[in-house]
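I opened the notebook to go through one structure and write down what I looked up. The entries follow in the order I made them.

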Amino acid sequence: MSTTTLSNATFDEEIGAASTPILVDFWAEWCGPCKQIAPVLEEIAQENEGKLAVAKLNVDEAPDIARRFGVMSIPTLILFNGGEPAKRIVGAKSKAALLEDLGEYL
């Protein structure tokens with residue numbers, strides 16, 4: 001499985017129904033660093049299938065959700081566990097750094 005795209009309509013349902021931790025990438029089309037980490041997140045999603053889900057939320061299309069979680073700069077990654085925010089990672093990082101940050105959930 002690859003990354004899932006979330007929207008205003010699907011966000012709460014997807015996060016609430018997730019059986020594994022879900023890492024949400026808050027991004028935008030115009031964000032260079034967001035585009036840099038997209039393939040890394042895709043790899044992490046594929047390599048950790050069944051342990052961790054990865055989803056994307058375009059902040060330009062869902063500004064209310066971004067505000068609700070205090071997303072001030074992008075990319076911001078928020079790991080939801082049991083439907084609740086458990087970890088926040090701000091800025092583009094290498095795959096190794098992301099895996100280290102997410103280690104306790106993998």
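How many disulfides does the structure hold? I looked this up and found one disulfide. I note that the model is a predicted one.

**Entry: the disulfide**

I looked up which cysteines take part, and the disulfide joins Cys31 to Cys34, with 2.3 Å from S to S. A disulfide is a covalent bond between the sulfur atoms of two cysteines. I then checked the handedness: the torsion about the S-S bond of Cys31 and Cys34 is about 80 degrees, so the disulfide is right-handed. Is Cys31 buried or exposed? Cys31 has a relative accessible area of 3% and is buried. Cys34 is at 2% relative accessibility, so I put it down as buried.

**Entry: the nonpolar cores**

I looked up the largest nonpolar core and found that it has 22 residues. The residues with the most contacts inside this core are Phe11, Val24, Phe26, Leu57, Phe69, Ile74 and Phe80. Which elements give two or more residues to this core? I listed helix H1 (11-17), strand E2, strand E3 (53-58), helix H3 and strand E4 (76-81). E2 gives the most to this core, with four residues. I also found a second, separate core of 14 residues, and it includes Leu23, Val40, Ile44 and Leu52.

I then took Phe80 and looked up its contacts beyond four places in sequence. Phe80 touches Phe11, Ile15, Pro21, Ile22, Val24, Phe69, Pro85 and Ala86 on that count.

**Entry: the aromatic rings**

How many aromatic pairs does the structure hold? I found five aromatic pairs. I looked at Phe11 and Phe26: the ring centres are 6.5 Å apart and the planes are at 55 degrees, so the pair is tilted. Phe11 is in helix H1 and Phe26 is in strand E2, 15 residues apart, so I noted that this pair links distant parts of the chain. Phe11 is buried, with a relative accessible area of 1%. Phe26 is buried as well, with a relative accessible area of 0%.

I went on to Phe26 and Phe69. Their ring centres are 6.5 Å apart and their planes are at 50 degrees, so this pair is also tilted. Phe69 lies in the loop between H3 and E4, and the pair with Phe26 in strand E2 links parts of the chain 43 residues apart. Phe69 is at 15% relative accessibility; buried means under 20%, so Phe69 counts as buried.

**Entry: Ile65**

I looked up Ile65 and found it in helix H3, which covers residues 63-68. Is Ile65 buried or exposed? Ile65 is buried, with a relative accessible area of 5%. Leaving out residues up to four places away in sequence, Ile65 touches Ser7, Asn8, Phe11, Phe26 and Leu57. I also looked up a C-alpha distance: Ile65 and Ala9 are 56 residues apart along the chain, and their C-alpha atoms are separated by 11 Å.

**Entry: Asp25 and Lys56**

I placed Asp25 in strand E2 (residues 22-27). Asp25 is at 0% relative accessibility, so I wrote it down as buried. What does Asp25 contact beyond four places in sequence? I listed Ile37, Leu41, Ala55, Lys56, Leu57, Pro75, Thr76 and Leu77.

Lys56 was my next stop, and its place is in strand E3. Lys56 has a relative accessible area of 15%; the cut-off for buried is under 20%, so Lys56 is buried. The side chain of Lys56 makes a polar contact with the side chain of Asp25, at 3.1 Å. Where does the charged end of Lys56 sit? I found it over the ring of Trp27, 4.7 Å from the ring centre. Not counting residues up to four places away in sequence, Lys56 touches Thr3, Thr4, Thr5, Leu6, Asp25, Trp27 and Ala38.

**Entry: Glu100**

Is Glu100 buried or exposed? Exposed means over 50%, and Glu100 is at 68% relative accessibility, so it counts as exposed. From C-alpha to C-alpha, Glu100 and Lys51 are 15 Å apart in space, and they are 49 residues apart in sequence.

Conventions. Residues numbered from 1 in each chain as written. Predicted model: local features only at pLDDT ≥ 70, side-chain atom pairs only at ≥ 80, totals over all residues. Heavy atoms only, no water. Buried < 20%, exposed > 50% of the residue type's maximum accessible area, 1.4 Å probe, protein only. Contact = heavy atoms within 4.5 Å. Disulfide = S-S within 2.5 Å. Core = buried A, V, L, I, M, F, W, Y, C linked by side-chain atoms within 4.5 Å. Phe/Tyr/Trp six-rings, centres within 6.5 Å; stacked < 30°, edge-to-face > 60°. Lys NZ or Arg CZ within 6 Å of the ring centre and 35° of its normal. Polar contact = N/O pair within 3.5 Å; in protein donor to acceptor, adjacent residues only side chain to side chain.
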